[in-house]
Amino acid sequence: MNKPIPSQASAVVIGGGVSGASVAYHLAKQGWQDVVLLERQQFSCGTTWHAAGLIGTMRANESHARLCEYSMALLDELEKETEQATGFRQVGSLSIAHSEARFEELKRVASMNNAFGVTRVDIITPEEIKALHPFVKTDDLLGGSWVEHDGFASPIDVTMAFVKGARLHGAKCLEGTTVNEILINNGKVAGVKTDKGEIKADFVVVCGGMWSRDLGKSIGVNIPLYACEHYYALTEKQEDIPPTLPVLRDHDKCAYYKEDAGSLLVGAFEKKAIAYDINKLPQDFSFDEIEGHVEEQLLPVLEDAMERVPFLQNVGWRKFFCGPESFTPDDQFHIGESPEVRNLYIGAGLNSVGIQSSGGLGKALAEWMDKGHAPIDLWGNDIRRMHPVQNTTAYLKERVTETLGLLYDNHYPFRQFATSRNVRHSPIHEKLLQHNACFGEVSGWERPNWFAPDGVKPEYEYSFGKQNWFDYSAQEHRAFRENVAMFDQSSFSKYLVQGKDACAALQRISSANVDVAAGKMVYTHWLNDRGGIEADLTVNRIEENKYIVVSAAAVTHKDLNWLNRNIDPDSHCFVTDVTNTWAVFGIMGPNSRAMLSSFIDEDFSTDAFPFGTFKPVEIGCAVGYAFRVSFVGELGWELYIPVEQARHAFDVVMAAGDSFDLKLAGLHCLDTGRLEKKFLHFGHDVADEDTPLEAGVSFVCDMNKSIPFIGHDAIARQKEKDGPLNKRLVQFLLKDPEAMFYHHEPIIRDGETVGYLTSGNYGHTLGGSVGLGYVKCMDGVSKDYIDSGNFEIEVAGERIPAQASLTAMYDPKAERLRS
């Protein structure tokens, strides 16, 4: 007999897989009353039930590592609390390397994870691998990594433990109930309509797995994910396979291995997957599988597996399985509040890490809903990072054929997606192609990362060292340091904020004073009420009641969401995304003034055109603006040109540049320039857990302006604390000019790990790898603490001496910038 559904709930969680069950459990455990979990068929059906159940804590960033650490620790607690077994076995996990690139990656990942302080990762020899996993052929291996406390669990049992725990805390968990519609009232969620009636709710959480995208699209909410065929094979039972056999990952051969009830399960992450249209599934699809393409997709992986684990050549196979599983455009799961509908939260697109992430994801999402903000830095997974083009069927159907395999492929620095390209173009894209640009992709934008010389094909050759474009980018870097270079920065986000209350609204949202004269630029942060940084951008006053805000390409929807939720809806203030209205050319370098003066009728002297100002200018027949600002720390201007006039303006600039040896420069050297100047990059160096004081830019906080900014009190409290801050952003320069670091490398002071890098690249002017990272010390991070310590950066297990500085090592007084 079907149970009647309630008419009211504090929160409705849609989807009874492991993620939805975890969210319901954690909401109820937090004390939320009347939580309802709805599943269209049976709990754990769809994707959860056929997951491998791998539980690992070695992750690509600290936040993910901590989510997985919590998930693992929770399994024992769940069993005790609910008396429901989870099937968790801590058998350890091995990753093996039979290529230099893979071994380098394993060593780098081990270093970063050990710096996170969450798990212990050991680099081991082939002999040690053989001792841990006697079935593995090791004579061609270089080594591997070992995590002793990893293991695996039963996906169905973990899900049912969450369901049982949720019920113990008062949640209603219902099967056989289909959500047909999410109800919305005045931009805010109001409940759900099911096949058994309506439930009014203050919050709704979409944890519908591969069905989440269609549910979101039905109400105009962007949840980009798409299903792929996903495979594993299961041997006949073998008496000599012990239940304590470690999980084995052979990334180079796209395979993982685990013991499964006396059999060996071999799973595949083939390099080119096959997308699957879930509309082909029957309405009652539950604990089912799909036909797939076993011969083309799975058998090549099994052939390699028989070489790596030779006994597989002599066993029978009792199951070749194919099931649908969803993947996202960037291989990162989705979490957080939808920017389109208030109080609608997303927890979906787990990219095959659902079981190991489920506990942490459920806890994080429940706390986010309860407190109104993410409990840890989850910007890399925030649903607001996604753009509408990334939710189109064509984009997703092509992209997920790559992202499935990328989970096991080498994660080289600067690696670019090969699929779903050429979607968003700068108006001068074709002209840059003619100049041999090599493009990368960010948020669908094609952006020139470097330029190849004549006769060289503009393609990446990836490695963990100095890649094939290193010298070309170095020349671009030297151009803006010594002469003049031009960047295409058209992908930068731009928002028009206007109305008679625009100034008051931006004064409250911005930490700096933006009530300035027209023609002035203001570098500022947007802070949350904890003092954490939500945005790093410039606010530029065009007229008394009109501003243009400029930010990074990837954060468009986050910024717009922050603006709209913090502007009084009754005020006379309106926001428009004008990103696609303006092209932006950065003209940077000590000869930028002379070059611009040669074709623009304007006085570019410092007296007439000081730093941080902008003016309308004519660039040939194009009418635009020149902004005196530079992200590389040199004298420079950014030209803003209407997109329909951008091609003409480009030709004008390039013609004038012939007399000045102007060099086109890509965004890789824009990054090397900003790192030498210790300029910040949102999402890497700063995010919502970091304050301007900790990041070394306290000057962005005007504590005395007439309208206090959001986060003012938190910054005031931090300023009032005695002694130095216990966390500060420091710049590092490796003393070995050949070593390369990128991000997350451990920072060592006098033999002790005190943090890790947030970003890194090669400083061609400073003469070595340069990076930024937070140093932490409970007794405070003072200048003396930095100057008196011996610092090293651990790169792939090797500790390399480094110079450390609280201020920029290049032009610390910004004299070149303001010359």
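**Aromatic pairs and a covered strand**

Trp-450 is buried, with a relative accessible area of 0% (buried means under 20%, exposed over 50% and partly exposed in between, with a 1.4 Å probe and protein chains only). The model is a predicted one, in which local features need pLDDT of at least 70 and side-chain atom pairs count only at pLDDT 80 or more, while totals for chains, interfaces and linings use all residues. Residues are numbered from 1 along each chain as its sequence is written, and side-chain values use heavy atoms, with hydrogens and water left out.

Rings of Phe, Tyr and Trp (its six-membered ring) pair if their centres lie within 6.5 Å, and planes under 30 degrees apart count as stacked, over 60 as edge-to-face and the rest as tilted; by this rule there are 34 aromatic pairs. Trp-450 and Tyr-472 form a stacked pair, 6.0 Å centre to centre with 25° between the planes. Trp-450 lies in strand S21 and Tyr-472 in helix H12, so the pair ties together parts that are 22 residues apart in sequence (helices, H or I of at least four residues, and strands, E of at least two, are DSSP runs numbered from the N terminus).

Strand S19, residues 344-348, is mostly covered, as 5 of its 5 residues are buried. Leu-344, Ile-346 and Ala-348 point one way from S19, whereas Tyr-345 and Gly-347 point the other way. Strands pair if DSSP finds at least two bridges between them: S11 and S19 pair in the parallel sense over 3 bridges, and 4 bridges join S18 to S19, which run antiparallel.
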